[in-house]
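Please read them beside the coordinates.

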Amino acid sequence: MKYIVTGCSNGIGRCICLTLLKNNHEVYGIDIDKKGKDLEDINEKFHFYRVDIGDKKELDLFLKNVEYIRFDGIINNAGFNSEGLDSCSYDEFNYALKVGLSAPFYLVKSLRYNLNKDASIVNIASTRALMSQKNNESYATVKGGILALTHAMAMTLRNKARVNSISPGWIDVSNYNESKKIEISNNDMLQHPVGRVGKPEDIAEMVLFMCSDKGSFINGENIVIDGGMSKQMIYHNDDYWKYKGE
Ligand code: NAD
């Protein structure tokens with residue numbers, strides 16, 4: 001089967017590509033960065049396109065390259081941490097929307113007639129679609145928007161493709177992104193009801209499931225994968241939680 005994966009060079013996207021390749025699928029990877037480690041020498045089943053998906057001209061060049069290829073799915077994964085009211089300019093806000101929302105919309109719109117029957121589209125959202133820290137407006141808007149785009153496209157593409165999203169919580173991508181090595185403390189892990197932060201494989205395995213027949217009755221859905229972090233109720237002095245004030 002043939003899948004497009006955006007943001008294929010690092011992090012969760014790189015893990016998704018490696019997981020699809022390991023399961024004998026063919027991957028058309030897109031990234032603004034150079035080809036990711038572990039993918040450098042795979043040429044037969046991995047086709048790499050260096051594209052800024054926030055730039056329509058570059059997306060159009062990619063689309064021209066693949067116009068006669070039939071696909072079994074599109075994984076809209078590329079994204080970056082964009083900011084909010086305190087520090088995000090008008091142009092930066094709009095660029096975040098282009099990468100996180102306009103590109104997934106345009107890729108699916110342009111390739112919808114290239115999709116094989118029962119294709120699977122998976123959009124990578126975030127638990128930040130429904131909860132926020134300060135100065136997070138552009139990222140939260142992108143992720144909230146992708147949940148709506150997901151159920152809307154699921155209806156338009158009925159009988160043609162299933163469209164779902166995955167909302168990861170904290171995923172430690174350091175094994176797949178050399179520039180994102182961070183210290184994770186014991187408390188960082190223990191605050192999660194499962195006692196650890198997530199790993200890219202937690203997301204990649206769900207993508208694989210959603211692309212397989214096993215996921216064929218899941219449509220228009222958002223699957224939260226966050227170790228239960230967004231389900232916990234937090235009150236001052238309850239369960240070790242302490243509000244420290246401003
Ligand atoms: P990452 O930075 O490790 O990887 C993102 C990849 O997307 C990079 O290779 C980057 O070059 C690429 N990319 C960014 N902008 C692009 C553009 N304009 N055009 C083409 N490629 C572009 O990040 P990650 O943590 O693996 O994030 C992957 C997805 O998962 C993102 O959508 C992110 O919002 C989402 N997510 C991540 C976490 C987490 O904790 N890591 C949590 C929730 C959601």
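1. Strand E6 is mostly covered, with 8 of its 8 residues buried. Buried stands for under 20% relative accessible area, exposed for over 50%, and partly exposed for what lies in between (1.4 Å probe, protein chains only). Strands (E, at least two residues) and helices (H or I, at least four) are DSSP runs numbered from the N terminus.

2. This is a predicted model, in which local features need pLDDT of at least 70 and side-chain atom pairs count only at pLDDT 80 or more, while totals for chains, interfaces and linings use all residues. Residues are numbered from 1 along each chain as its sequence is written, and side-chain values use heavy atoms, with hydrogens and water left out.

3. In a regular strand the side chains alternate between the two faces of the sheet. In E6, Ala-161, Val-163, Ser-165 and Ser-167 point one way, and Arg-162, Asn-164, Ile-166 and Pro-168 point the other way; all are buried.

4. E6 pairs with E5 in the parallel sense over 6 bridges, and with E7, also in the parallel sense, over 4 bridges. Two strands pair if DSSP finds at least two bridges between them. On the E7 side, Ile-166 stands opposite Ile-223 and Pro-168 opposite Ile-225.

5. What is the strand order of the sheet? The open sheet has 7 strands in the order E3-E2-E1-E4-E5-E6-E7, with parallel pairing. Strand E3 (46–50) and strand E7 (222–225) are at the edges with a single partner strand each, so one side of each has no neighbour in the sheet. On average, neighbouring strands are turned by 15° against each other, direction ignored.

6. Helix H6 (residues 200–211) lies across E1, E4, E5, E6 and E7 and runs at about 165° to E6. Axes are lines fitted to C-alpha atoms, for helices over the stretch in contact, and angles run from 0 to 180 degrees between N-to-C directions.

7. The largest nonpolar core has 34 residues; Ile-4, Phe-62 and Leu-111 are among those with the most contacts inside it. Such a core is a set of buried Ala, Val, Leu, Ile, Met, Phe, Trp, Tyr and Cys residues joined through side-chain atoms within 4.5 Å. The elements giving two or more residues to this core include strand E2 (26–31), helix H2 (56–65) and helix H3 (90–111). H3 gives the largest share, 7 residues. A second, separate core of 27 residues includes Val-27, Ile-171, Val-173 and Ile-225.

8. Lys-143 lies in helix H4. Is Lys-143 buried or exposed? Lys-143 is buried yet has no salt bridge, and the nearest side chain of opposite charge, Asp-31, is 13 Å away. A salt bridge is a side-chain nitrogen of Lys or Arg within 4 Å of a carboxyl oxygen of Asp or Glu; Lys and Arg count as positive, Asp and Glu as negative, and His and the chain ends are not counted. Leaving aside neighbours within four places in sequence, Lys-143 is in contact with Ile-124, Ala-125, Ser-126, Arg-128 and Ala-129, contact being heavy atoms within 4.5 Å.

9. Lys-34, in the loop between E2 and E3, is exposed, with a relative accessible area of 54%. Leaving aside neighbours within four places in sequence, Lys-34 is in contact with Ser-9, Phe-48 and Arg-50.
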